[in-house]
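Have the model open beside you as you read.

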Amino acid sequence: MLDDDRPDYFLSDEEPDENVSGKNVIDFQPATGNGSANGNAEEKNSRHRLRKAMIWTGVIGVAILAAAFYLRYCSAYAVDAIMRVYIVNVEKRGLVFKTYEAQVVAIDALADTTKVYSHPEQFTIADESLAHRLQEFQGQRIPVTLHYEKFYATLPWRGASKWVVTSISTNQ
């Protein structure tokens, strides 16, 4: 039983009248008039500006991330640093990326009698031929001068240490 005298269109297959109660009906279809064409163009322009702003924000974000990655991982913050050392051990390490790693003892650390000696320093060797040259001095107590670069972080293919030996020289 219905509460009112109006027909119930949800329970029947009949089409409703255009204006059943005499009230205005909201039409959700875009009107074709002078005012709607201008509004539609403004809406498209607004969407275009929003899309352009999002693309530029993405491009700037990627550029900032690329610059941060370069500064963190690829840019050396100390170049041409020098340390006089004795070579303790040189070995090839790594599971996927095989790199040469060296343990060295700084001559200054051995000569300083006020501090307790703690441990050897770890270096990554940049070149295989350089690693073979350093293996010749391993355990011989011959002082070697290492020229190295310091990085903020390590990369798997560069080695396990932030300090990378670029060249060596001996005082023989």
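## A serine in a loop

Ser161 sits in the loop that links strand 4 (144-151) and strand 5 (163-170); helices (H or I, at least four residues) and strands (E, at least two) are DSSP runs, numbered from the N terminus. This is a predicted model, where local features need pLDDT of at least 70 and side-chain atom pairs count only at pLDDT 80 or more, while totals for chains, interfaces and linings use all residues. Residues are numbered from 1 along each chain as its sequence is written, and side-chain values use heavy atoms, with hydrogens and water left out.

Is Ser161 buried or exposed? Ser161 has a relative accessible area of 9%, so it counts as buried (buried is under 20% relative accessible area, exposed over 50%, partly exposed in between, with a 1.4 Å probe and protein chains only). Its side chain reaches the backbone oxygen of Gln122 at 3.1 Å. Setting aside neighbours within four places in sequence, Ser161 is in contact (heavy atoms within 4.5 Å) with Glu101, Gln122, Phe123, Thr124 and Thr154.

## The fold and its core

Three helices and five strands make up the chain, in the order α-β-β-α-β-α-β-β along the sequence. Of its 172 residues, 21% count as buried.

The largest nonpolar core has 21 residues; such a core is a set of buried Ala, Val, Leu, Ile, Met, Phe, Trp, Tyr and Cys residues joined through side-chain atoms within 4.5 Å. Strand 1 (76-93), strand 2 (99-106), strand 3 (121-125), helix 3 (128-136), strand 4 and strand 5 each supply at least two of the core residues, and strand 1 gives the largest share, five residues. Ile87 is one of the residues with the most contacts inside the core. Beyond its neighbours within four places in sequence, Ile87 is in contact with residues including Val104, Leu134, Phe137 and Val144.

How many salt bridges does the structure hold? There is one, between Arg93 and Glu91, with the closest N and O atoms 2.6 Å apart; a salt bridge is a side-chain nitrogen of Lys or Arg within 4 Å of a carboxyl oxygen of Asp or Glu. Arg93 is partly exposed at 29% relative accessible area, and Glu91 is partly exposed at 29% as well.

Val59 belongs to helix 1 (residues 34-74) and, at 44% relative accessibility, is partly exposed.

Methods. A polar contact is a pair of N or O atoms within 3.5 Å; within protein, one must be able to donate a hydrogen and the other to accept it, and residues adjacent in sequence count only if both atoms are side-chain atoms.
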